[in-house]
Amino acid sequence: METAALVNSGRRVVALGTTAARALEHSALSHGRVTAGDAEADIFIYPGYRFRIIDALLTNFHAQSEGVTSDQIVDKLLELVPVPRSGM
């Protein structure tokens, strides 16, 4: 539930992998927003798809073979990408 609340807070959402992107977008199609739960994400994302939840997608990482964890990738992104100030 905590993750769904963060995603629905209006902050920028970066999906790590196509499975995460499909799960988030499927939840939005079904409920209008992301909800906690388990379901089968039976959507396909084709060119021209209008994303409702995710703002960016990082995919095709083979980080483990390079000794990099997804947590390290996220930490670096959070360090490099400025957080917009409210009211701007």
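Here is a short walk through the structure above, from its overall layout to its core. It is a predicted model, so to speak: local features need pLDDT of at least 70, side-chain atom pairs count only at pLDDT 80 or more, and totals for chains, interfaces and linings use all residues. Residues are numbered from 1 along each chain as its sequence is written, and side-chain values use heavy atoms, with hydrogens and water left out.

Let's start with the layout. The chain has four helices and two strands, in the order α-β-α-β-α-α along the sequence. Helices (H or I, at least four residues) and strands (E, at least two) are DSSP runs, numbered from the N terminus.

Now look inside. Of the 88 residues, 20% count as buried, meaning under 20% relative accessible area with a 1.4 Å probe, protein chains only. The largest nonpolar core has 10 residues, including Val 7, Leu 24 and Ile 53. Such a core is a set of buried Ala, Val, Leu, Ile, Met, Phe, Trp, Tyr and Cys residues joined through side-chain atoms within 4.5 Å. Helix 2 gives the most to this core, with three residues.

Note on methods: Buried < 20%, exposed > 50% of the residue type's maximum accessible area, 1.4 Å probe, protein only.
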